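Please look over the chain shown here. The report below starts with its terms, then takes up the whole fold and two of its residues.

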Amino acid sequence: MELPRLETERLIIRAPCEGDLQAMPGVFHDPDIYAYTRNIPYPYGPQEAVNALARYTRLAAGGDAFTFFPELKSDGALIGLVVLAMSKDRKSAELGYAIGRQWWGNGYATEASGAMLKHGFESLGLHVINAHAMLRNPASSNVLRKLEMHSAGVICDACEKDGEHFDAEGFTMSCEQWESAKRSAAE
Ligand SMILES: CC(C)(COP(=O)(O)OP(=O)(O)OC[C@H]1O[C@@H](n2cnc3c(N)ncnc32)[C@H](O)[C@@H]1OP(=O)(O)O)[C@@H](O)C(=O)NCCC(=O)NCCS
């Protein structure tokens, strides 16, 4: 499936492409990004970028996961990724995101993830979008709270990294909750 080009106030959110290969290591080569995400390797060099691009393209073609790259409108810089990993029945998805360290703390993860919720509910017709943030990653929980996703409580051992298991807070939003949040924002 071809990914649309989404737009927010400060970002263009679009399909990854070969033109990103050079910038990708500079954004994703980070032990903290590795520690808090499932599929981003560390170290992250040119070969990892090639592998990731092939993977994103394959998963999108199969309708299994849609990875988008947000870039800044101001200077065109690639700043990270946002992804919707689809469930088998394609009715729900898991939201994921990572932003390059130099751009942390500017609200970009929230802005790009908000565009993913909109795309998921309004274009893909999803019923539910879920997300998990490790308890040791409060910045990520904050992103999900700012998106008005609903906490589903702590899930023990929800995330595994290098053989270690970590507790995570689960978050969820239904399409009805999305519509209602949109109505409240418009009032
Ligand atoms: C988590 C991550 C995506 C946040 O990106 P970001 O663009 O900085 O996020 P935002 O600016 O939209 O929001 C982050 C919020 O967390 C807050 N925050 C940042 N560090 C924090 C910390 N250590 N403790 C508590 N809150 C923190 C920020 O202040 C901000 O909240 P505010 O707007 O109320 O001030 C980014 O740090 C990252 O890529 N980390 C590594 C990968 C990762 O964790 N991915 C998520 C996996 S679930």
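## Contacts and model

Two residues are in contact when heavy atoms lie within 4.5 Å. The model is predicted.

## His119

His119 sits in helix H4, which covers residues 108-123. Its partners, leaving aside neighbours within four places in sequence, are Pro4, Leu6, Phe68, Leu84 and Leu124. Pro4 is 115 residues away along the chain.

Is His119 buried or exposed? The cut-off for buried is under 20% relative accessible area. His119 has 8%, so it is buried.

## Thr8

Thr8 belongs to a loop. That loop runs between strand S1 (6-7) and strand S2 (11-14). Relative accessibility is 15% at Thr8, so this residue counts as buried.

Which side chain makes a polar contact with that of Thr8? The partner is Glu111, at 2.7 Å.

## Overall fold

The chain has six helices and eight strands. Their order along the sequence is β-β-α-α-α-β-β-β-α-β-α-β-β-α. The radius of gyration is 16 Å, close to the 16 Å that the globule rule gives for 187 residues, so the chain is as compact as a globular protein of that length. Along its principal axes, the C-alpha trace spans about 45 × 35 × 35 Å.

How much of the chain is buried? Buried residues account for 48% of the 187 residues. Sequence separation can be read from the contacts too. Take the contacts between residues at least 6 apart in sequence: 59% of them join residues at least 24 apart.

## Surface and charge

The accessible surface of the chain is about 9700 Å². Carbon and sulfur atoms hold 51% of that surface.

What charged side chains does the chain have? There are 18 positive and 25 negative ones. The centres of these two sets lie 2 Å apart.

Key:
Residues are numbered from 1 along each chain as its sequence is written. This is a predicted model: local features need pLDDT of at least 70, side-chain atom pairs count only at pLDDT 80 or more; totals for chains, interfaces and linings use all residues. Side-chain values use heavy atoms; hydrogens and water are left out. Helices (H or I, at least four residues) and strands (E, at least two) are DSSP runs, numbered from the N terminus. The radius of gyration is taken over C-alpha atoms; the globule rule is 2.2 Å times the number of residues to the power 0.38. Buried means under 20% relative accessible area, exposed over 50%, partly exposed in between (1.4 Å probe, protein chains only). Accessible areas come from the Shrake-Rupley method with a 1.4 Å probe; for residues, only the protein chains shown count as cover. Lys and Arg count as positive and Asp and Glu as negative; His and the chain ends are not counted. The place of a charge is taken as NZ of Lys, CZ of Arg, CG of Asp or CD of Glu. A polar contact is a pair of N or O atoms within 3.5 Å; within protein, one must be able to donate a hydrogen and the other to accept it, and residues adjacent in sequence count only if both atoms are side-chain atoms.
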